[in-house]
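User: Hey, I'm new to this one. Can you walk me through what's in it?
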Amino acid sequence: MSLRTRLLTAALAAAVVPSLSAAQPAISDAALASEIEKRTAAITDKVTAWRHDIHQHPELGYQEKRTAALVAAHLKSLGIEVQENVGGIPGVVGILKGGKPGPTVALRADMDALPVTELVDVPFKSTVRTVYNGVETGVMHACGHDMHTAMLMGTAEVLAGLRAKLPGTVKFLFQPAEEVPPRGGAQPMIEAGVMNGVDGVFGLHVGPGPSGAMSYRGGSISASADTWKMIIRGKQGHGAFPSAAVDPIVVSAEIVSALQTIVSRSLDLTAGPAVVTVGAIHGGLRENIIPDSVWMIGTIRTFDPKSRQIVAERMKTLAQNIAEAHGAKAEVDVVLGYGSTINNTGMVTKFAPTLKKVGTPAGVFENKAGTMAGEDFSRFADKAPGFFFNLSVTPANVDLFNVASNHSPLFQGDDKALPVGVRAMSTLAVEFLVSGGVPRVP
(Lines give C-alpha, C1' and ligand atoms only; values in the text may rest on other atoms or scores of the structure.)
Protein backbone atom coordinates (compact mmCIF):
# COMPACT_ATOMS: atom_id res chain seq x y z
CA MET A 1 0.00 0.00 0.00
CA SER A 2 1.74 3.23 -1.14
CA LEU A 3 1.44 6.24 1.15
CA ARG A 4 3.48 8.68 -0.98
CA THR A 5 0.50 10.90 -1.78
CA ARG A 6 -0.63 11.01 1.84
CA LEU A 7 2.53 12.38 3.34
CA LEU A 8 4.13 14.19 0.42
CA THR A 9 0.92 16.22 0.44
CA ALA A 10 1.82 17.40 3.90
CA ALA A 11 5.24 18.42 2.59
CA LEU A 12 4.07 20.71 -0.18
CA ALA A 13 2.55 24.04 0.78
CA ALA A 14 0.38 24.15 -2.31
CA ALA A 15 -1.39 20.95 -1.32
CA VAL A 16 -2.11 21.61 2.31
CA VAL A 17 -3.31 24.41 4.48
CA PRO A 18 -1.99 25.25 7.97
CA SER A 19 -4.48 24.47 10.70
CA LEU A 20 -5.29 24.91 14.36
CA SER A 21 -5.25 27.91 16.60
CA ALA A 22 -2.18 28.22 18.80
CA ALA A 23 -4.45 29.71 21.47
CA GLN A 24 -6.30 26.41 21.93
CA PRO A 25 -5.04 24.37 24.89
CA ALA A 26 -3.95 20.89 23.80
CA ILE A 27 -3.74 19.18 27.16
CA SER A 28 -5.51 19.75 30.43
CA ASP A 29 -2.53 19.07 32.72
CA ALA A 30 0.59 21.11 31.85
CA ALA A 31 2.65 19.16 34.36
CA LEU A 32 1.85 15.88 32.58
CA ALA A 33 2.76 17.42 29.24
CA SER A 34 6.13 18.52 30.62
CA GLU A 35 6.74 15.06 32.05
CA ILE A 36 5.93 13.43 28.71
CA GLU A 37 8.54 15.66 27.09
CA LYS A 38 11.22 14.71 29.62
CA ARG A 39 10.41 11.01 29.61
CA THR A 40 10.44 10.88 25.79
CA ALA A 41 13.85 12.56 25.65
CA ALA A 42 15.20 10.06 28.19
CA ILE A 43 14.25 7.01 26.06
CA THR A 44 14.90 8.31 22.54
CA ASP A 45 18.10 6.27 22.20
CA LYS A 46 16.22 3.13 23.25
CA VAL A 47 13.43 3.79 20.73
CA THR A 48 16.02 4.26 17.99
CA ALA A 49 17.77 1.02 18.94
CA TRP A 50 14.46 -0.88 18.86
CA ARG A 51 13.68 0.57 15.44
CA HIS A 52 17.10 -0.50 14.07
CA ASP A 53 16.74 -3.98 15.52
CA ILE A 54 13.24 -4.50 14.11
CA HIS A 55 14.30 -3.06 10.73
CA GLN A 56 17.25 -5.46 10.54
CA HIS A 57 15.04 -8.44 11.39
CA PRO A 58 11.85 -7.88 9.33
CA GLU A 59 9.05 -10.43 9.31
CA LEU A 60 6.18 -10.81 6.85
CA GLY A 61 2.53 -10.76 7.87
CA TYR A 62 1.44 -13.48 10.34
CA GLN A 63 5.14 -14.39 10.85
CA GLU A 64 6.06 -11.61 13.33
CA LYS A 65 7.06 -13.96 16.16
CA ARG A 66 10.42 -12.34 16.92
CA THR A 67 8.97 -8.84 16.83
CA ALA A 68 6.01 -9.85 18.98
CA ALA A 69 8.34 -11.46 21.54
CA LEU A 70 10.44 -8.27 21.69
CA VAL A 71 7.32 -6.18 22.26
CA ALA A 72 5.84 -8.51 24.87
CA ALA A 73 9.09 -8.69 26.85
CA HIS A 74 9.34 -4.90 26.93
CA LEU A 75 5.73 -4.44 28.06
CA LYS A 76 6.17 -7.03 30.81
CA SER A 77 9.30 -5.25 32.02
CA LEU A 78 7.15 -2.15 32.53
CA GLY A 79 4.63 -4.03 34.69
CA ILE A 80 1.97 -3.82 31.98
CA GLU A 81 -0.54 -6.66 31.66
CA VAL A 82 0.30 -8.51 28.44
CA GLN A 83 -1.77 -10.74 26.16
CA GLU A 84 0.11 -12.69 23.46
CA ASN A 85 -0.93 -14.58 20.32
CA VAL A 86 -4.12 -12.53 20.32
CA GLY A 87 -6.54 -13.70 17.65
CA GLY A 88 -4.47 -16.82 16.97
CA ILE A 89 -1.80 -14.68 15.29
CA PRO A 90 1.31 -12.94 16.68
CA GLY A 91 -0.78 -10.08 18.06
CA VAL A 92 0.26 -8.46 21.33
CA VAL A 93 -1.96 -6.36 23.60
CA GLY A 94 -0.70 -4.41 26.58
CA ILE A 95 -3.17 -3.12 29.18
CA LEU A 96 -2.05 -0.26 31.41
CA LYS A 97 -4.49 0.60 34.17
CA GLY A 98 -4.14 4.11 35.55
CA GLY A 99 -4.28 5.10 39.17
CA LYS A 100 -7.72 6.69 38.80
CA PRO A 101 -10.98 5.60 37.13
CA GLY A 102 -11.78 6.87 33.65
CA PRO A 103 -12.28 5.93 30.00
CA THR A 104 -10.26 3.47 27.92
CA VAL A 105 -8.13 4.57 24.97
CA ALA A 106 -6.40 2.26 22.47
CA LEU A 107 -3.15 3.01 20.63
CA ARG A 108 -2.29 0.88 17.61
CA ALA A 109 0.92 0.00 15.75
CA ASP A 110 1.38 -2.53 12.94
CA MET A 111 4.45 -4.80 12.90
CA ASP A 112 4.77 -6.57 9.53
CA ALA A 113 7.27 -6.03 6.72
CA LEU A 114 7.05 -6.48 2.93
CA PRO A 115 8.61 -8.79 0.30
CA VAL A 116 10.99 -6.06 -0.91
CA THR A 117 14.78 -6.22 -1.34
CA GLU A 118 16.26 -3.21 0.47
CA LEU A 119 18.50 -0.92 -1.59
CA VAL A 120 19.18 1.72 1.06
CA ASP A 121 22.74 1.51 2.41
CA VAL A 122 22.26 1.93 6.16
CA PRO A 123 24.13 0.16 8.98
CA PHE A 124 20.93 -1.67 9.98
CA LYS A 125 20.01 -2.73 6.44
CA SER A 126 17.90 -5.87 6.09
CA THR A 127 19.56 -8.91 4.50
CA VAL A 128 16.64 -11.27 5.20
CA ARG A 129 15.53 -13.39 2.24
CA THR A 130 12.36 -15.38 1.61
CA VAL A 131 10.26 -16.95 -1.13
CA TYR A 132 7.03 -15.07 -1.86
CA ASN A 133 4.50 -16.15 -4.52
CA GLY A 134 7.13 -18.58 -5.80
CA VAL A 135 9.81 -15.89 -6.23
CA GLU A 136 12.90 -15.42 -4.08
CA THR A 137 13.03 -11.90 -2.68
CA GLY A 138 14.31 -9.82 0.19
CA VAL A 139 12.22 -8.75 3.17
CA MET A 140 12.17 -5.09 4.22
CA HIS A 141 10.28 -2.67 6.40
CA ALA A 142 9.52 -0.66 3.27
CA CYS A 143 6.32 0.78 4.76
CA GLY A 144 7.77 2.02 8.04
CA HIS A 145 6.10 -0.41 10.41
CA ASP A 146 9.41 -0.81 12.23
CA MET A 147 9.07 2.85 13.20
CA HIS A 148 5.44 2.38 14.24
CA THR A 149 6.32 -0.51 16.54
CA ALA A 150 9.33 1.22 18.12
CA MET A 151 7.36 4.41 18.73
CA LEU A 152 4.50 2.57 20.45
CA MET A 153 7.00 0.66 22.59
CA GLY A 154 8.38 4.04 23.62
CA THR A 155 4.90 5.39 24.23
CA ALA A 156 4.19 2.43 26.51
CA GLU A 157 7.29 3.25 28.56
CA VAL A 158 6.37 6.93 28.85
CA LEU A 159 2.81 6.20 29.96
CA ALA A 160 3.83 3.39 32.31
CA GLY A 161 5.87 5.97 34.19
CA LEU A 162 2.75 8.11 34.53
CA ARG A 163 0.30 5.37 35.47
CA ALA A 164 -0.49 6.73 38.95
CA LYS A 165 -1.66 10.00 37.39
CA LEU A 166 -3.70 8.48 34.57
CA PRO A 167 -7.50 8.57 34.96
CA GLY A 168 -8.40 5.48 32.95
CA THR A 169 -6.89 2.65 30.94
CA VAL A 170 -4.57 2.50 27.92
CA LYS A 171 -4.59 -0.48 25.55
CA PHE A 172 -1.51 -0.90 23.36
CA LEU A 173 -2.42 -2.84 20.20
CA PHE A 174 0.58 -4.32 18.39
CA GLN A 175 -0.95 -5.74 15.25
CA PRO A 176 0.48 -8.22 12.73
CA ALA A 177 -0.32 -8.52 9.03
CA GLU A 178 -1.57 -5.07 8.09
CA GLU A 179 -0.19 -5.80 4.62
CA VAL A 180 -2.20 -9.02 4.21
CA PRO A 181 -5.78 -8.29 3.16
CA PRO A 182 -8.57 -9.22 3.20
CA ARG A 183 -8.51 -10.16 6.91
CA GLY A 184 -5.21 -8.59 7.83
CA GLY A 185 -4.32 -8.52 11.50
CA ALA A 186 -6.96 -6.13 12.79
CA GLN A 187 -9.94 -8.41 12.16
CA PRO A 188 -8.69 -11.45 14.10
CA MET A 189 -7.67 -9.23 17.02
CA ILE A 190 -11.07 -7.51 17.03
CA GLU A 191 -12.79 -10.89 16.97
CA ALA A 192 -10.68 -11.79 20.02
CA GLY A 193 -12.20 -8.81 21.85
CA VAL A 194 -9.40 -6.24 21.91
CA MET A 195 -11.81 -3.37 21.24
CA ASN A 196 -14.27 -4.32 23.96
CA GLY A 197 -14.74 -1.36 26.26
CA VAL A 198 -12.55 0.96 24.16
CA ASP A 199 -13.85 4.54 24.00
CA GLY A 200 -11.45 5.86 21.36
CA VAL A 201 -8.51 4.68 19.25
CA PHE A 202 -5.47 6.48 17.79
CA GLY A 203 -2.97 5.42 15.15
CA LEU A 204 -0.32 6.96 12.93
CA HIS A 205 1.53 6.16 9.72
CA VAL A 206 4.92 7.34 8.54
CA GLY A 207 5.80 8.35 5.01
CA PRO A 208 7.53 10.93 2.81
CA GLY A 209 7.70 14.58 3.84
CA PRO A 210 9.82 16.92 5.99
CA SER A 211 10.97 14.96 9.03
CA GLY A 212 8.68 15.55 12.00
CA ALA A 213 5.81 17.18 10.11
CA MET A 214 2.37 15.83 10.95
CA SER A 215 -0.86 15.94 8.96
CA TYR A 216 -4.44 14.83 9.51
CA ARG A 217 -7.88 15.00 7.98
CA GLY A 218 -11.43 14.66 9.24
CA GLY A 219 -13.63 12.08 7.52
CA SER A 220 -12.17 9.62 5.00
CA ILE A 221 -8.38 9.60 5.18
CA SER A 222 -7.68 6.37 3.26
CA ALA A 223 -9.36 4.41 0.48
CA SER A 224 -10.98 1.01 0.65
CA ALA A 225 -8.54 -1.68 -0.49
CA ASP A 226 -9.84 -4.73 -2.37
CA THR A 227 -7.82 -7.48 -4.03
CA TRP A 228 -8.49 -9.42 -7.22
CA LYS A 229 -7.15 -12.45 -9.02
CA MET A 230 -7.75 -13.42 -12.61
CA ILE A 231 -6.90 -16.61 -14.53
CA ILE A 232 -7.07 -16.56 -18.34
CA ARG A 233 -7.31 -20.06 -19.76
CA GLY A 234 -6.39 -20.63 -23.38
CA LYS A 235 -5.05 -23.57 -25.39
CA GLN A 236 -1.38 -24.49 -25.23
CA GLY A 237 0.57 -24.93 -28.45
CA HIS A 238 3.76 -24.33 -30.40
CA GLY A 239 4.89 -20.71 -30.63
CA ALA A 240 5.43 -21.15 -34.36
CA PHE A 241 1.79 -22.16 -34.95
CA PRO A 242 -0.39 -19.72 -32.98
CA SER A 243 -3.43 -20.45 -35.14
CA ALA A 244 -3.53 -23.93 -33.61
CA ALA A 245 -3.57 -22.49 -30.09
CA VAL A 246 -5.47 -19.91 -28.04
CA ASP A 247 -2.88 -17.49 -26.67
CA PRO A 248 -3.77 -16.37 -23.12
CA ILE A 249 -0.88 -13.87 -23.11
CA VAL A 250 -2.42 -11.88 -25.97
CA VAL A 251 -5.82 -12.07 -24.30
CA SER A 252 -4.34 -10.92 -21.01
CA ALA A 253 -2.66 -7.94 -22.64
CA GLU A 254 -5.98 -6.80 -24.07
CA ILE A 255 -7.68 -7.24 -20.69
CA VAL A 256 -4.99 -5.20 -18.90
CA SER A 257 -5.60 -2.31 -21.28
CA ALA A 258 -9.37 -2.60 -20.96
CA LEU A 259 -9.22 -2.52 -17.14
CA GLN A 260 -7.84 1.01 -17.32
CA THR A 261 -11.08 2.21 -18.93
CA ILE A 262 -13.16 1.31 -15.87
CA VAL A 263 -12.09 4.36 -13.89
CA SER A 264 -12.06 6.75 -16.84
CA ARG A 265 -15.32 5.60 -18.46
CA SER A 266 -17.51 3.79 -15.93
CA LEU A 267 -17.20 5.80 -12.71
CA ASP A 268 -18.52 9.16 -11.55
CA LEU A 269 -15.23 10.57 -10.29
CA THR A 270 -16.97 13.48 -8.60
CA ALA A 271 -17.98 10.90 -5.98
CA GLY A 272 -14.33 10.16 -5.25
CA PRO A 273 -11.15 8.97 -6.97
CA ALA A 274 -10.50 5.33 -7.81
CA VAL A 275 -7.60 3.16 -8.93
CA VAL A 276 -7.39 -0.26 -10.61
CA THR A 277 -3.86 -1.69 -10.58
CA VAL A 278 -2.39 -4.89 -12.01
CA GLY A 279 0.28 -5.83 -9.48
CA ALA A 280 1.59 -9.05 -11.01
CA ILE A 281 1.13 -11.09 -14.18
CA HIS A 282 2.63 -14.46 -15.04
CA GLY A 283 2.32 -16.88 -17.92
CA GLY A 284 4.57 -19.15 -19.95
CA LEU A 285 7.85 -20.98 -19.45
CA ARG A 286 9.90 -20.66 -22.63
CA GLU A 287 10.06 -18.70 -25.86
CA ASN A 288 8.48 -21.20 -28.28
CA ILE A 289 5.56 -22.43 -26.17
CA ILE A 290 2.20 -20.67 -26.02
CA PRO A 291 1.05 -21.43 -22.45
CA ASP A 292 -2.31 -22.77 -21.47
CA SER A 293 -2.97 -20.05 -18.89
CA VAL A 294 -1.95 -16.70 -17.44
CA TRP A 295 -2.69 -15.42 -13.93
CA MET A 296 -2.89 -11.83 -12.77
CA ILE A 297 -3.36 -10.22 -9.38
CA GLY A 298 -3.99 -6.62 -8.40
CA THR A 299 -5.73 -4.11 -6.20
CA ILE A 300 -8.78 -1.82 -6.34
CA ARG A 301 -8.90 1.46 -4.39
CA THR A 302 -12.08 3.51 -4.01
CA PHE A 303 -13.72 5.94 -1.59
CA ASP A 304 -17.31 5.68 -2.83
CA PRO A 305 -19.24 2.44 -2.01
CA LYS A 306 -21.09 2.53 -5.35
CA SER A 307 -17.82 2.90 -7.25
CA ARG A 308 -16.43 -0.05 -5.29
CA GLN A 309 -19.31 -2.21 -6.55
CA ILE A 310 -19.12 -0.96 -10.15
CA VAL A 311 -15.39 -1.69 -10.45
CA ALA A 312 -15.83 -5.30 -9.35
CA GLU A 313 -18.72 -5.86 -11.74
CA ARG A 314 -17.02 -4.20 -14.72
CA MET A 315 -13.80 -6.16 -14.18
CA LYS A 316 -15.67 -9.44 -14.50
CA THR A 317 -17.70 -8.32 -17.52
CA LEU A 318 -14.72 -6.96 -19.45
CA ALA A 319 -12.42 -9.90 -18.72
CA GLN A 320 -14.96 -12.59 -19.49
CA ASN A 321 -16.21 -10.98 -22.70
CA ILE A 322 -12.73 -10.23 -24.05
CA ALA A 323 -11.62 -13.78 -23.29
CA GLU A 324 -14.71 -15.23 -24.96
CA ALA A 325 -14.10 -13.15 -28.08
CA HIS A 326 -10.72 -14.88 -28.45
CA GLY A 327 -11.93 -18.37 -27.63
CA ALA A 328 -10.49 -18.27 -24.12
CA LYS A 329 -12.06 -18.23 -20.67
CA ALA A 330 -11.55 -15.81 -17.78
CA GLU A 331 -12.02 -16.60 -14.12
CA VAL A 332 -12.26 -13.45 -12.00
CA ASP A 333 -12.31 -13.32 -8.21
CA VAL A 334 -12.68 -9.96 -6.41
CA VAL A 335 -12.25 -10.07 -2.63
CA LEU A 336 -13.44 -7.11 -0.57
CA GLY A 337 -10.72 -6.06 1.85
CA TYR A 338 -10.22 -3.06 4.08
CA GLY A 339 -12.85 -0.35 4.12
CA SER A 340 -12.07 3.34 3.95
CA THR A 341 -10.57 4.70 7.18
CA ILE A 342 -12.95 7.33 8.55
CA ASN A 343 -11.65 9.76 11.15
CA ASN A 344 -14.35 10.51 13.70
CA THR A 345 -15.48 14.15 13.59
CA GLY A 346 -15.52 14.52 17.36
CA MET A 347 -12.04 13.03 17.70
CA VAL A 348 -10.54 15.33 15.08
CA THR A 349 -12.21 18.45 16.47
CA LYS A 350 -11.18 17.74 20.03
CA PHE A 351 -7.71 16.22 19.61
CA ALA A 352 -6.20 17.75 16.48
CA PRO A 353 -4.89 20.63 18.65
CA THR A 354 -2.75 18.05 20.46
CA LEU A 355 -0.72 17.55 17.30
CA LYS A 356 -0.08 21.28 17.15
CA LYS A 357 1.19 21.24 20.71
CA VAL A 358 3.66 18.41 20.21
CA GLY A 359 4.59 19.31 16.64
CA THR A 360 8.06 20.36 15.48
CA PRO A 361 9.15 23.32 13.34
CA ALA A 362 8.24 21.16 10.33
CA GLY A 363 4.61 21.94 11.17
CA VAL A 364 1.18 20.39 11.50
CA PHE A 365 -1.17 20.52 8.53
CA GLU A 366 -4.68 19.57 7.52
CA ASN A 367 -4.82 17.53 4.32
CA LYS A 368 -7.39 18.59 1.74
CA ALA A 369 -7.82 15.04 0.47
CA GLY A 370 -7.35 11.46 1.59
CA THR A 371 -4.95 8.92 0.16
CA MET A 372 -5.51 6.00 -2.20
CA ALA A 373 -3.59 3.80 0.24
CA GLY A 374 -5.61 1.33 2.27
CA GLU A 375 -5.43 0.64 6.01
CA ASP A 376 -6.98 -1.94 8.28
CA PHE A 377 -6.93 0.67 11.04
CA SER A 378 -10.35 1.26 9.46
CA ARG A 379 -11.62 -1.80 11.32
CA PHE A 380 -10.53 -0.47 14.70
CA ALA A 381 -12.15 2.87 13.83
CA ASP A 382 -15.39 1.03 13.03
CA LYS A 383 -15.53 -0.20 16.63
CA ALA A 384 -14.72 3.06 18.45
CA PRO A 385 -14.18 6.69 17.46
CA GLY A 386 -10.86 6.81 15.64
CA PHE A 387 -8.19 9.36 14.78
CA PHE A 388 -5.49 8.32 12.29
CA PHE A 389 -2.76 10.80 11.37
CA ASN A 390 0.44 11.00 9.38
CA LEU A 391 4.05 11.57 10.43
CA SER A 392 6.62 12.60 7.82
CA VAL A 393 10.01 10.89 8.13
CA THR A 394 12.15 11.80 5.11
CA PRO A 395 15.77 12.52 6.15
CA ALA A 396 16.93 16.12 5.67
CA ASN A 397 19.49 15.14 3.02
CA VAL A 398 16.86 13.57 0.70
CA ASP A 399 15.21 15.63 -2.06
CA LEU A 400 11.50 15.80 -1.22
CA PHE A 401 10.56 16.08 -4.89
CA ASN A 402 12.34 12.83 -5.77
CA VAL A 403 11.78 10.93 -2.55
CA ALA A 404 10.99 7.22 -2.65
CA SER A 405 7.48 6.29 -1.52
CA ASN A 406 6.49 3.64 0.96
CA HIS A 407 6.82 0.12 -0.51
CA SER A 408 9.89 1.21 -2.49
CA PRO A 409 13.25 -0.55 -1.88
CA LEU A 410 14.65 2.98 -1.47
CA PHE A 411 12.19 4.08 1.24
CA GLN A 412 13.96 5.77 4.17
CA GLY A 413 12.83 6.76 7.65
CA ASP A 414 14.58 9.41 9.72
CA ASP A 415 15.31 8.37 13.32
CA LYS A 416 14.90 12.01 14.36
CA ALA A 417 11.15 11.70 13.75
CA LEU A 418 10.77 8.89 16.30
CA PRO A 419 10.48 11.08 19.43
CA VAL A 420 7.85 13.20 17.65
CA GLY A 421 5.68 10.11 17.24
CA VAL A 422 6.23 9.05 20.85
CA ARG A 423 5.26 12.49 22.17
CA ALA A 424 2.23 12.66 19.89
CA MET A 425 0.82 9.26 20.85
CA SER A 426 1.59 9.73 24.54
CA THR A 427 -0.01 13.17 24.68
CA LEU A 428 -3.07 12.06 22.71
CA ALA A 429 -3.61 9.21 25.17
CA VAL A 430 -3.19 11.46 28.22
CA GLU A 431 -5.46 14.18 26.88
CA PHE A 432 -8.11 11.61 25.95
CA LEU A 433 -8.13 10.22 29.48
CA VAL A 434 -7.86 13.55 31.29
CA SER A 435 -10.66 15.09 29.23
CA GLY A 436 -12.99 12.14 29.69
CA GLY A 437 -12.92 10.87 26.11
CA VAL A 438 -14.99 12.07 23.22
CA PRO A 439 -18.72 12.02 22.41
CA ARG A 440 -19.68 9.25 20.01
CA VAL A 441 -20.50 11.29 16.92
CA PRO A 442 -19.93 10.30 13.27
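This is a predicted model: local features need pLDDT of at least 70, side-chain atom pairs count only at pLDDT 80 or more; totals for chains, interfaces and linings use all residues.

User: Okay, which residues lie nearest the centre of the largest pocket?
Analyst: Those are Tyr132, Asn133, Glu179, Gly279 and Ile297, out of 38 residues that line the largest pocket.

User: And how much space lies in there?
Analyst: The largest pocket holds about 1,400 Å³.

User: Which strands supply at least two residues of its lining?
Analyst: Strands E6 (135-138), E11 (224-233), E13 (274-283), E15 (293-302) and E16 (329-338) each do that. By type, the lining of the largest pocket splits into 20 nonpolar, 13 polar and 5 charged residues.

User: What about the second largest pocket, what volume does that have?
Analyst: About 180 Å³. Its lining has 16 residues, and Arg51, Val122, Phe124, Gln412 and Gly413 lie nearest the centre. Helix H2 (30-56) and helix H4 (145-160) are the elements giving two or more residues to that lining. It divides into 6 nonpolar, 5 polar and 5 charged residues.

User: Switching topic: is H10 mostly covered or mostly open?
Analyst: Mostly covered, with 16 of its 17 residues buried. Helix H10 runs over residues 418-434 and reaches 24 Å from its first C-alpha to its last, close to the 24 Å expected.

User: Which residue follows H10 with a positive phi?
Analyst: Gly436, where phi is near 85 degrees.

Technical notes: Residues are numbered from 1 along each chain as its sequence is written. Side-chain values use heavy atoms; hydrogens and water are left out. Helices (H or I, at least four residues) and strands (E, at least two) are DSSP runs, numbered from the N terminus. The expected span of a helix is 1.5 Å times one less than its number of residues. Buried means under 20% relative accessible area, exposed over 50%, partly exposed in between (1.4 Å probe, protein chains only). On a 1 Å grid over the protein atoms alone, a cavity is a set of points where a 1.4 Å probe fits but cannot get out, and a pocket is an open set with protein on both sides within 12 Å along at least five of seven lines; lining residues have an atom within 4 Å of a point. Grid points are joined across faces, edges and corners, and a volume is the space filled by probe spheres set on the points. Ala, Val, Leu, Ile, Met, Phe, Trp, Tyr, Cys and Pro count as nonpolar, Asp, Glu, Lys and Arg as charged, and the others, Gly among them, as polar.
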